[in-house]
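Thank you for passing this model on for comment. My remarks are set out as numbered points after the structure.

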Amino acid sequence: MADQPILLDVQNLRKTFRVGRGKTLYAVDDVSFAIRRGETLGLVGESGCGKTTVGRTLVRLYTPDAGKILLDGEDIAGYTARQIRKAHLPRRMQMIFQDPYASLNPYFTVGEIIGEGLELHHIGKNREERMERVYALLDQVGLHREHANRFPHEFSGGQRQRVGIARALAMDPEFIVCDEATSALDVSVQAQVMNMLIDLKKERNLTYLVVAHDLSLVRFISDRVAVMYLGKIVEIGDVRSVYDTPRHPYTIGLLDAVPVADPDYEATHDVRLMQGDIGSPINPGPGCRFASRCPYATEQCRRETPPLASAGGDHSVACFHPVV
Amino acid sequence: MSERLLTVKDLRVSFMTASGEVQAVRGVDFTLDRGETLAIVGESGCGKSVTIQTVMRLNPEPPALIRGGSILYENGSVKAEITRLSDREMRAYRGKAFSMIFQDAMTSLNPTTRVGRQIVEGILHHENVSRAEAKARAIQLLGKTGLPSPESVYGCYPHTLSGGQRQRAMIALALASNPSILFADEPTTALDVTIQAQILSLMSDIQKENHMAMIFITHNLGVVAKMADRVAVMYAGQIVESGTLRDIFYTPRHPYTWGLLGSIPSLRMDLGTRLSSIPGTPPDLFAPPRGCAFAARCPYCMQACLSEDPGFYQVDAGHRARCWLLDRRCPREVEAPVGRDRTVRKAEREAE
């Protein structure tokens, strides 16, 4: 993977939201990372850490306040809606959403949902040709052509998520953001959808950003992983390296808190509880954002923001006192 | 000697809907002893929530209908057949004999009433104490759940608390009258892992201290491994396998349990392995299948599975599974795809 060219290069990305009374929520604050073609980058963190905002900003559902998003070297961060259309960005990057109930228009048939993008982007010569493509897509995600005339409410959660995936694939994109694509599904169905995403990636040489809170799932599907905390990436690197030898105290605490489906392991494993709640991303003060929950925090941590620095190889960590 | 608190036998619960009868729970048996934790696992719609809601008689009847079976609650001199109690009689048991914490604390707490008042209400209902005493108890309970400054939380409305804090407040509410059984329906599913770890550890501590029995409903097998003593796996309204924690994780004997265990990614699984998924979807409980409910999705399905319900086989003391593969007459020898002891030996049919 390391020899592949970089598809997306994100530099110093910032996205804030005004939340009234002069307060600003720093959802994504000075985040940089790169994704190579054909790679799956997992993005993990607890709710409110900004991982979904990163995903949505990359596919330009949001306009970033600052920073660059280089797609094959072309900065799309500042693109207007017109430029986005002109550059055919939706044909290059797509998104699969978390909630298969809220993300499909209930007034559209499944065929219309999947075919809408084809129509808008004038893909296919005529209606018949587009419908053939829709049928092929349904087939590819494990649904049947008869399903094209049904409405979303006639489907189970797993089937709806397949419709969402078919819609994303319809544009034949290079890059897909999977935002908690399976977290609303039951475990057996989650496995079906997960395996399908992996197969599709191989078949179509796709590049994924997988946003999820389930650390086991991200480990299973990703090549590299980035851990976010309150708008910042605190650790990033090869999956093996980050999971086997985590360096940031937050990553260590996060991994330690995941219950493992092995009774003998759980019987002997004592979780070192991370105290307190995740802080607020509204008008954060100076210093490391994890300092208030960190057992190793020093005066320096409360004063300065630690930069993301290499911890050997592809593995980087943003901490003044990384754990060895 | 363990002390039996709850004995559920052949419980059948249906919902009468406009489009027919949904057989949500179809003959469930289990027992619960003081101080122990039973986990009920299974996918959405398998009847796990309906089962415990029926023990507390939380479902309005109609549309719910207890079709048959018994729920016997025993605690010292108290002995009650829950299925026969009237709504009025049930009030003495809810909150006192058993209490429940729900997945979503936001919708389970009353949004228009301050947290403290909701707890005081519970205490005053069951005990003859003054309002001031009840308030002191409520603050003490809130403190016990690890909430910082319980006095201020006492006066807070639920929406002003964070998800973890709300779940702690709901635990305090559930514990208000010192129940002997605590039902927890996906108590940590909506929480982040670090908060989940805090809540699970809190629940374990409280359980030990109060010597309380718990029934934990979850689909997270990691949480099961951490919390449970015994496990019941439910599918399509029935328990398909039950046993000790180790039985279920290390010598599972039902193909559905194999499917569940194989389909979850684990932090400790080898990288590059594929998840085994269970093809298809659960059966329609308007018209449950005649034979084994899992037959249509089971890779080991045989002729007998389609025509006749297998009933339980005794794998080991306390470990039972509902599968024809365990029958002596079954010619097939199979090996479990998961677990430590994978050789599936034939077993005796469990005495009715």
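Predicted model: local features only at pLDDT ≥ 70, side-chain atom pairs only at ≥ 80, totals over all residues.

1. Residues are numbered from 1 along each chain as its sequence is written, with chains lettered from A and ligands numbered from 1 in the order in which they are written.

2. The contact between the chains takes 33 residues from chain A and 36 residues from chain B, two residues being in contact if their C-beta atoms, placed from the backbone, lie within 7 Å. On the side of chain B that touches chain A, the elements giving two or more residues are α8, α9 (221-227), α10 (245-250) and α11 (255-263), and α8(B) gives the most, with 7 residues. Helices here are DSSP runs (H or I, at least four residues) and strands likewise (E, at least two), numbered from the N terminus. That side of chain B divides into 15 nonpolar, 15 polar and 6 charged residues, where Ala, Val, Leu, Ile, Met, Phe, Trp, Tyr, Cys and Pro count as nonpolar, Asp, Glu, Lys and Arg as charged, and the others, Gly among them, as polar.

3. Across this contact, helix α10 (residues 249-257) of chain A packs on helix α8 (residues 193-210) of chain B at an angle of about 50 degrees, with the axes 8 Å apart. That makes α10(A) oblique to α8(B); angles under 35 degrees count as roughly parallel, over 145 as roughly antiparallel, 65 to 115 as roughly perpendicular and the rest as oblique. A:Gly253, A:Leu254 and A:Ala257 of α10(A) make the contact with B:Val193, B:Thr194, B:Gln196 and B:Ala197 of α8(B), and these residues comprise 4 nonpolar, 3 polar and no charged.

4. The buried residues of α10(A) are A:Pro249, A:Tyr250, A:Thr251, A:Gly253, A:Leu254 and A:Ala257; a residue is buried if 20 or more other C-beta atoms lie within 10 Å of its own, exposed if 12 or fewer, and partly exposed in between. Their cover includes α8 (215-221), β9 (224-229), β10 (232-238) and α9 (239-244) of chain A, together with α8 of chain B.

5. Within chain A, the axes of helix α4 (residues 110-120) and helix α6 (residues 157-170) come within 8 Å and cross at roughly 20 degrees, and the two helices are therefore roughly parallel to each other. A:Val110, A:Ile113, A:Ile114, A:Gly117 and A:Leu118 in α4(A) meet A:Val163, A:Ala166, A:Arg167 and A:Ala170 in α6(A), a contact with 7 nonpolar, 1 polar and 1 charged residues.

6. Some backbone geometry deserves a look, since most residues other than glycine have a negative phi, and most peptide bonds are trans. A cis peptide bond joins B:Glu61 and B:Pro62, with omega about -10 degrees, and the bond from B:Pro62 to B:Pro63 is also cis, with omega near 5 degrees; B:Pro62 is found in the loop between α1 (48-55) and β4 (64-75) of chain B. A:Asp30, in strand β2 (residues 24-36) of chain A, has a positive phi of about 60 degrees although it is not a glycine, and A:Asp30 is partly exposed, with 17 other C-beta atoms within 10 Å.

7. Finally, chain B is divided into domain 1 (107-178) and domain 2 (234-349), with bounds that come from an automatic or database domain assignment. The centres of these two domains of chain B, taken over C-alpha atoms, are separated by 42 Å.

Definitions and conventions
Axes fitted to C-alpha atoms, helices over the stretch in contact; angles between N-to-C directions.
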